[in-house]
Amino acid sequence: MSHGPNTQSVQPCAATGVAGDARRAQMRVRNLVTLLTITACAGALNAQTVRLELRDSATNSAVVGALVSASDSLGRQRADGLSNDRGMVTFRLPSAGLWSFGIRRIGITPQKVAGIRVESGAVVALPLRMTSARQTLSQVRVTAEGGICGRAPEGENRTAMLWEQITLALRASTLSRADSTATLARVQERARELSPSLEELSSQLLRDGNGVGRAFLALDPDSLASVGYVRKELNGDFSFFAPDEMVLLSEAFLGTHCFDTPKRDANPALAELQFRPVRGRSVPDVEGTAFVDAESGELQRIEFRYVFSRRLIPVSAPHAGGYVVLSRLQSGLWIVADWAIRMPRFAFLPARAEYRLTGYREVGGTVTPLWNPRP
C-alpha cells in the first residue's frame with residue numbers, strides 16, 4: 001500500500017460496537033384508507049400517542065415494513081416510522097390537534113388518512129385496512145426527456161416512480177439504523193487486489209467479527225458535494241469515498257445530480273434509475289445506476305463510478321467506483337448488507353515520463369444479521 005504519491009488510502013468507518021480499521025473504506029396519496037375504528041382515552045402520558053395497526057384488506061395479514069409519516073394541520077411532516085412484523089407503528093406527537101398519516105410501501109399505491117383529532121395527553125388507536133392496489137414498474141413508460149436535474153424526481157413518469165421506490169428503501173434504512181438491535185450482525189471486511197481488467201490477483205480477510213449498530217457511514221453530504229469523492233491528502237495518499245443512504249437522500253446530492261431512466265433496461269427484470277452530476281460540476285463526483293426489481297419494486301443495489309477525477313489521478317481508470325447493496329429483513333427493517341470501493345493503482349514510468357494503471361485495490365464488507373428482531 002505504500003508507493004509514495006501513488007498510494008491509495010481507505011478512510012476509517014464510524015461504527016457502534018464494531019472496531020474500526022485504519023484502512024477501512026468509509027461509506028458515509030392517493031387512495032383513502034378504510035378506517036375501521038378510532039378509539040381515544042385520556043392517559044397519564046405527557047405526550048400524545050397514536051398507535052397505528054396496518055392490515056391488508058384482502059388477507060387481514062399484517063402490513064410489514066410500511067413507511068408511515070405523521071403531518072400536522074399545516075401539512076408539515078413531523079415524524080415517520082416503519083411498521084413492524086405485527087403491522088404496528090407508534091408515534092408520540094409533539095402537540096394535540098388534527099393530524100394526517102401518509103402510508104407508503106414498496107410496490108403498493110401510496111395511501112393517506114387525514115383529519116384525525118388527537119387530544120392533549122390522549123392515546124389513540126388506529127386500526128387501518130390497507131388496499132393492495134399495485135402498479136409494477138414495467139407498466140410505466142418513460143416520459144421524462146433529458147432527465148430531471150437538481151431536485152427530486154416527481155410526477156407521473158417512470159423516473160419519478162423509480163425514485164419513489166428507491167427513497168422508500170433508503171429512508172427505511174435510515175430509520176432502521178436508529179434501532180441498535182436492528183443491526184446486531186456478523187461483519188466481514190475484505191480486500192482484493194485486481195488486475196486492470198478486474199481479474200482477482202489476491203484476497204485478504206481484514207476482519208471477521210460481531211458487532212451491534214451501524215458498521216458503515218459516509219462523510220457529510222455537504223462536504224462530499226463541495227470537496228468531492230476523491231481527495232489527495234497532504235502525505236500524497238488518495239482517499240476515496242462512497243455515498244450511503246443518507247447521502248443519496250440529502251439535498252446536497254439531489255441539488256448536484258440529474259436522474260433519468262434508459263429507454264430500455266439491460267435486464268427486463270430490473271428497472272434502472274441512472275444518476276449523474278449536473279453540468280458545470282468539476283470536483284470529483286459519482287455517477288451510476290440504481291437497480292430496482294421491476295415486479296416487487298424493491299431496491300436491489302446501487303453501483304457508482306468516479307468521474308471528474310483526472311485532475312487528481314493521472315491515468316484513466318474506467319473501473320474505479322463501487323457498489324452498495326441494501327437488504328430488507330423479515331421484520332421490515334432495511335440494512336446495508338454489502339458494499340465495496342474499488343480504487344485504482346498506478347505507477348510512474350520514468351522512461352516515458354508517464355503514469356500507467358497497474359490494477360485496482362477493492363475494499364468492502366458484508367453484514368449478516370445474527371437474528372431478526374422485532375423493531
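Me: Is glutamate 164 buried, partly exposed or exposed?
Reply: Glutamate 164 is partly exposed, because its relative accessible area is 22%. Buried means under 20% relative accessible area, exposed means over 50%, and partly exposed is in between (1.4 Å probe, protein chains only).

Me: Before I go on, what sort of model is this?
Reply: This is a predicted model, where local features need pLDDT of at least 70, side-chain atom pairs count only at pLDDT 80 or more, and totals for chains, interfaces and linings use all residues. Residues are numbered from 1 along each chain as its sequence is written, and side-chain values use heavy atoms, with hydrogens and water left out. pLDDT is the predictor's confidence in each residue, from 0 to 100.

Me: What is the mean pLDDT of the protein chain?
Reply: The mean is 78, and 77% of the residues reach 70 or more.

Me: Where is confidence lowest, and where is it highest?
Reply: Strand β2 (residues 31-32) is lowest, with a mean of 32, and helix α4 (residues 251-255) is highest, at 95. Helices (H or I, at least four residues) and strands (E, at least two) are DSSP runs, numbered from the N terminus. Over residues 1-45, pLDDT stays under 50. Where pLDDT is low, the predicted coordinates should not be read in detail.

Me: Back to glutamate 164. Which side chain does it meet in a salt bridge?
Reply: Glutamate 164 meets arginine 104, at 3.0 Å from N to O. This pair links distant parts of the chain, with arginine 104 in strand β9 (residues 97-105) and glutamate 164 in helix α1 (residues 158-176), 60 residues apart. A salt bridge is a side-chain nitrogen of Lys or Arg within 4 Å of a carboxyl oxygen of Asp or Glu.

Me: How many salt bridges does the structure hold?
Reply: It holds 19. Arg192, Glu200, Arg342 and Glu362 are linked in a network of them. Another salt bridge joins aspartate 72 and arginine 78, at 3.1 Å from N to O. Aspartate 72 counts as buried because its relative accessibility is 8%, while arginine 78, at 40%, counts as partly exposed.

Me: New topic: strand β17. Which way do its residues point?
Reply: In β17 (residues 257-260), His257 and Phe259 point one way and Cys258 and Asp260 the other, and all are buried.

Me: Which residue stands opposite phenylalanine 259 in β18?
Reply: That is phenylalanine 275. β17 and β18 (residues 270-277) pair antiparallel over four bridges. Two strands pair if DSSP finds at least two bridges between them.

Definitions and conventions:
Contact means heavy atoms within 4.5 Å.
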